[in-house]
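Reader: I would like to go through the terms used for this structure one by one, and to ask in each case what the term rests on.

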Amino acid sequence: MQDVLLAPRVTSRVTVAVVAALGVAIVLVLSAVHLTQGTSSVSAADLIALLTGAGSDRTAAVLVASRMPRLLAGVVVGAALGAAGAGLQSITRNALAAPDTLAVNAGAHLVIVACAAFGLVVPVEASALLAFAGGLAAAALVFGMSGGGTGPTRLVLAGSAVSLALFALVSVLILLFTEETTGLYAWGSGQLAQIGFGSVARMAPVVLLGIAGLVALGRRLDVLGLGDDTAVVLGVPVRRTRVVVAVLTVLLAAAAVTVAGPVGFVGLCAPAAVRLVAPLVPGLYRHRVLVPMSALAGIGVVLAADVLVRLLLGGQGGVEVPTGVVTTLFGAVVLVAVARRFRDSGPVRQAPAARSGRLRGRRTFLLVTAVTVALTCATAAGSLLFGDAFLLMGDVANWLAGRAGPVTTFVLDARVPRVLAALLAGAALAVAGAVVQSVCRNPLAEPALLGVSGGAGVAAVAVITIAPAVGVWTLSGSAALGALLASALVFGLAARGGLATDRLVLVGVGVSYGSMALITLMIVFTDPWNEAKALTWLSGSTYGRTFPQVIPVAAVLLLAGAAFVRVRDELDLLALDEDTPRVLGIALGRARLALLATAAVLTATAVSAIGLLAFVGLVAPHAARALVGSRHARVLPVAAMLGGLLVCLADVLGRTVIAPAQLPAGTLTALIGTPYFAWLLWRSRMFTG
Amino acid sequence: MRGRRIRVALGAAVAALVLAACGTTEAPAGAPASPAPAGGAQVTVTDARGKQVTFDGPVTRAVGLEWALVEHLVSLGVMPVGVADVAGYSAWVQAAPLTADVTDVGVRGEPSIETIARLQPDVVFATPDMNEGAIAQIEAFAPVVVMRDADASDAVGQMRRNVELVAQVTGKQAQAAQLLAGFDAAVADGAQRIAAAGLAGRRIAFADGYLDGGRLSIRAFTDGSLIGTVTRELGLVNAWAMKGDESYGTATTDVEGLTTLGDVEFVYWTNKVEGPDPFVDGLAGNAVWQSLPFVQAGNVERLPDGIWMFGGPASMRQYIDAITVALAG
């Protein structure tokens with residue numbers, strides 16, 4: 001009798017042990033290969049010779065002062081991020097939660113960059129403390145915004161918003177304070193290479209402590225996974241556990257950032273990889289196993305990415321290509337693979353789309369429309385007047401009549417296309433976002449997050465890299481093709497067994513991260529010192545836009561707008577649930593496909609006009625829904641207006657505040673959008689409790 | 001109630017904006033402005049795009065959007081009216097200082113077209129890195145000469161051609177001939193001093209480095225770089241074996257990569273605006289660095305700040321002086 005009861009437990013322990021041993025073996029092999037790679041001629045044979053006591057002093061020096069620190073940095077960073085990801089995913093019950101998506105990395109990184117920018121030279125310990133403070137502040141902001149960390153969806157939304165805003169601040173600092181052209185990449189992407197054991201040695205105990213803490217809380221986390229109510233019944237202090245775990249994960253992520261900068265994606269994909277194996281090994285779901293295994297997987301991901309790049313590009317290539325870019329690319333593939341097998345098990349259920357579902361009257365709609373139209377017109381007019389030269393309305397009138405003085409003419413000739421590009425691209429992204437959110441019935445779904453923007457960006461950057469002199473229509477066309485391919489890829493990969501929205505977002509995030517990394521890689525390889533190009537494509541900028549570049553956006557916006565007016569009721573139904581449209585005779589698959597394709601083309605023209613501009617497609621539809629309810633006949637025009645308004649405002653601020661230097665519109669979009677978005681979340685929290 | 005208040009506030013704001021924003025900052029155009037510059041025959045140059053740009057005689061109001069081109073202008077005696085990132089230029093390029101009245105036109109990657117327009121320049125010197133739409137917008141009011149500021153297949157040749165092109169546009173051919181002759185003399189003189197000190201054929205590795213927390217990336221100036229070429233003309237041998245990028249001839253490595261150099265003179269360059277010295281402060285106590293033969297032999301030299309390694313004849317003369325002093329004493 002006792003044997004029968006004990007048997008499953010024992011086998012589970014054995015399989016867990018086998019899996020763990022396998023993981024350790026993989027990491028050991030990776031470490032061994034990792035040690036043999038580098039920019040010097042020191043090879044495996046030299047290292048073996050060293051082991052047998054026949055090696056040279058130089059080999060020893062390379063091993064001790066270059067290879068070992070790099071390896072240990074990989075181990076510390078991987079373990080920290082992997083464990084942190086597991087912890088965050090558990091307390092938020094969301095597979096998308098990670099140091100990256102909860103803004104912990106961004107907060108920690110911002111503080112470190114700020115110190116460097118303002119010339120504060122701080123010792124490693126102090127910088128780790130500062131990074132911890134930054135990460136903690138960011139996380140606290142996210143938790144605060146989302147209302148105490150109860151709603152997983154809201155938590156991730158808030159996290160994404162804060163993360164975007166903080167990274168925007170980082171790029172502002174880099175832009176303002178980087179005298180030399182070392183470039184965005186060295187700063188923004190994690191690099192394992194170390195000039196000594198210093199930071200690794202100081203951070204390793206922190207990481208060990210953090211992981212030990214999470215393991216110690218493992219039982220409570222297990223119970224928490226059953227739901228808050230169950231946990232309360234079973235006597236687990238839900239809130240306190242969440243806070244303690246959050247602090248521990250922040251500590252871990254901050255330690256990782258201190259060692260190597262933000263190494264992207266590890267915290268998201270390492271626990272996901274463990275959960276991939278978990279259905280076969282039941283014991284893995286227990287946090288006392290899950291946390292260390294995620295740490296192990298994190299190490300594996302970091303080292304494998306680093307080993308792979310040196311295998312492909314050689315030792316010097318491994319220096320030129322930031323490790324963080326590679327982990328992102330590598331992690332993106334793993335994430336997509338994981339997401340494809342994703343079963344809606346574990347703590348990943350999401351609330352249905354965050355529609356502020358209150359029906360609002362026609363009067364409200366008309367009022368809101370009038371106000372947004374007025375605001376948009378005022379902002380557009382204002383952005384014609386402001387810049388590094390201040391003009392007056394009379395100048396604009398003269399310009400329109402074709403009789404302005406020479407300086408006014410030149411200034412407005414350059415300014416008007418920028419204002420138009422901002423308005424139209426903002427509107428296009430907002431409309432695309434609204435459509436994608438309703439078709440996918442997911443508040444997180446937006447063209448940028450689903451990889452559609454990234455696909456467009458990859459195609460556009462590839463085209464201008466191969467054939468720099470192509471026309472605007474070729475560029476927009478290629479971007480559209482890229483966007484459609486990316487959406488086809490995302491939906492194709494996610495479609496297995498029905499279109500589960502969780503899986504869709506996971507695959508989309510993977511493709512999106514992957515395409516960002518691809519764009520960075522393309523620029524690193526073809527045009528490493530061209531920071532302006534990188535800024536345009538990765539942050540979104542209206543710099544140097546001309547009228548012909550704006551025409552495709554305007555044309556597609558007009559066509560798509562007309563189409564959406566016709567199908568507005570179908571859009572309402574699609575946003576509702578899976579069954580209603582079917583019952584009413586809508587060909588669900590075909591309707592979704594057509595709508596998503598239109599959204600993809602809209603996104604692509606916007607991207608080819610002003611680069612990757614995240615956030616607009618997320619925030620504008622949310623704002624529109626909060627203002628006028630969820631009917632698309634009302635949401636779409638208001639969202640378009642708000643999107644245009646947001647980007648236009650960002651653009652004029654970027655051109656004015658630090659003139660004659662300027663900040664890219666995308667950076668300021670995030671900075672302006674976040675406070676609004678925070679307020680929006682706060683407000684919806686009060687309505688829906 | 002709330003709606004009405006919003007409406008009233010908005011109406012007031014719009015009215016205020018309209019009232020405040022009426023009028024003009026510039027009188028409407030009457031007769032076409034900008035008379036032709038005084039005197040001189042027409043000058044036509046072909047720029048890096050293969051485009052022919054014509055000027056009605058030598059120009060005086062120039063804007064430079066890349067520092068090497070600015071240095072050429074200043075060296076030829078033409079103080080530009082506008083320069084991208086004046087503060088950066090002043091910190092990094094001391095061979096040809098700007099006067100206080102030069103206008104900052106913004107960052108080098110995305111200079112402000114509006115500020116450039118207000119300067120009403122006769123010519124704008126840019127590089128192919130510049131956004132094409134922006135070039136088109138500038139060309140609406142001023143001719144743009146696009147110049148490839150560096151070419152790793154012929155670094156010194158490219159520098160000469162650029163100096164001559166700038167001279168042609170600004171009518172300073174005589175000064176250009178003098179500047180280039182002075183550079184040639186400095187190279188010859190430097191080579192002689194190197195040879196006299198018995199250093200001909202000595203291997204040198206020239207680099208700069210960027211320290212960022214616990215990591216250091218090192219930029220190697222390979223044979224194709226301007227520095228690499230000048231160094232070779234001095235009778236020294238470049239120790240870097242890797243291939244650099246196509247324009248600047250630079251490559252990236254890390255501390256470990258220094259072990260491939262062997263017995264060299266290690267010469268580096270940095271600027272105090274960057275913070276701590278990347279090599280001396282950054283690598284103190286690093287075992288690889290300590291094990292390097294040139295570190296053990298004390299053959300590590302930091303050149304004075306403010307010599308622009310991507311610059312023109314004036315910067316290169318500073319470099320030649322600095323390197324001969326550093327090596328030959």
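Reader: How much area do chain B and chain A bury between them, and what share of it is on carbon and sulfur atoms?

Author: In this predicted model, chain B and chain A bury about 5,900 Å² between them, with 57% of it on carbon and sulfur atoms. The contact draws 74 residues from chain B and 71 residues from chain A.

Reader: What makes the pair A:Arg415 and B:Glu114 a salt bridge?

Author: The rule asks for a side-chain nitrogen of Lys or Arg within 4 Å of a carboxyl oxygen of Asp or Glu. The side chains of A:Arg415 and B:Glu114 meet at 2.5 Å, N to O, and therefore the pair counts as a salt bridge. Across the interface of chain B and chain A the rule finds 3 salt bridges, and over all chains the structure holds 22.

Reader: Why is the pair A:Arg310 and A:Asp306 given the name salt bridge, too?

Author: Here the N to O distance is 3.1 Å, and because the cut-off is 4 Å, the name applies. Both residues lie in helix H13 (residues 287-320) of chain A, 4 residues apart, which is about one turn of the helix.

Reader: Why is H15(A) called roughly antiparallel to H17(A)?

Author: The axes of helix H15 (residues 362-385) and helix H17 (residues 406-440), both of chain A, come within 9 Å and cross at roughly 150°. Angles over 145 degrees count as roughly antiparallel, so the term holds for H15(A) and H17(A). Their crossing is right-handed.

Reader: Which residues of H15(A) and H17(A) meet, and how many of them are nonpolar, polar and charged?

Author: A:Thr376, A:Ala380, A:Ser383, A:Leu384 and A:Leu385 in H15(A) meet A:Leu412, A:Arg415, A:Val416, A:Val419 and A:Leu423 in H17(A). By class, this contact has 7 nonpolar, 2 polar and 1 charged residues. A:Arg415, listed here on the H17(A) side, is also the residue that meets B:Glu114 in a salt bridge.

Reader: How do you know that H17(A) is roughly antiparallel to H25(A)?

Author: H17(A) and helix H25 (residues 588-610) of chain A pack at an angle of about 155°, with their axes 9 Å apart. This angle is over 145 degrees, and H17(A) is therefore roughly antiparallel to H25(A). H17(A) passes H25(A) in a left-handed crossing. The contact has 15 nonpolar, 1 polar and 1 charged residues, including A:Ala425 and A:Val435 in H17(A) and A:Leu595 and A:Arg592 in H25(A).

Note on methods:
Residues numbered from 1 in each chain as written. Chains lettered and ligands numbered in written order. Predicted model: local features only at pLDDT ≥ 70, side-chain atom pairs only at ≥ 80, totals over all residues. Heavy atoms only, no water. Axes fitted to C-alpha atoms, helices over the stretch in contact; angles between N-to-C directions. Helix = DSSP H or I, 4+ residues; strand = E, 2+ residues; numbered from the N terminus. Parallel < 35°, antiparallel > 145°, perpendicular 65-115°, else oblique. Left-handed = near helix turned anticlockwise from the far one by under 90°. Contact = heavy atoms within 4.5 Å. Nonpolar A, V, L, I, M, F, W, Y, C, P; charged D, E, K, R; others polar. Buried area = accessible area lost by both parts, 1.4 Å probe.
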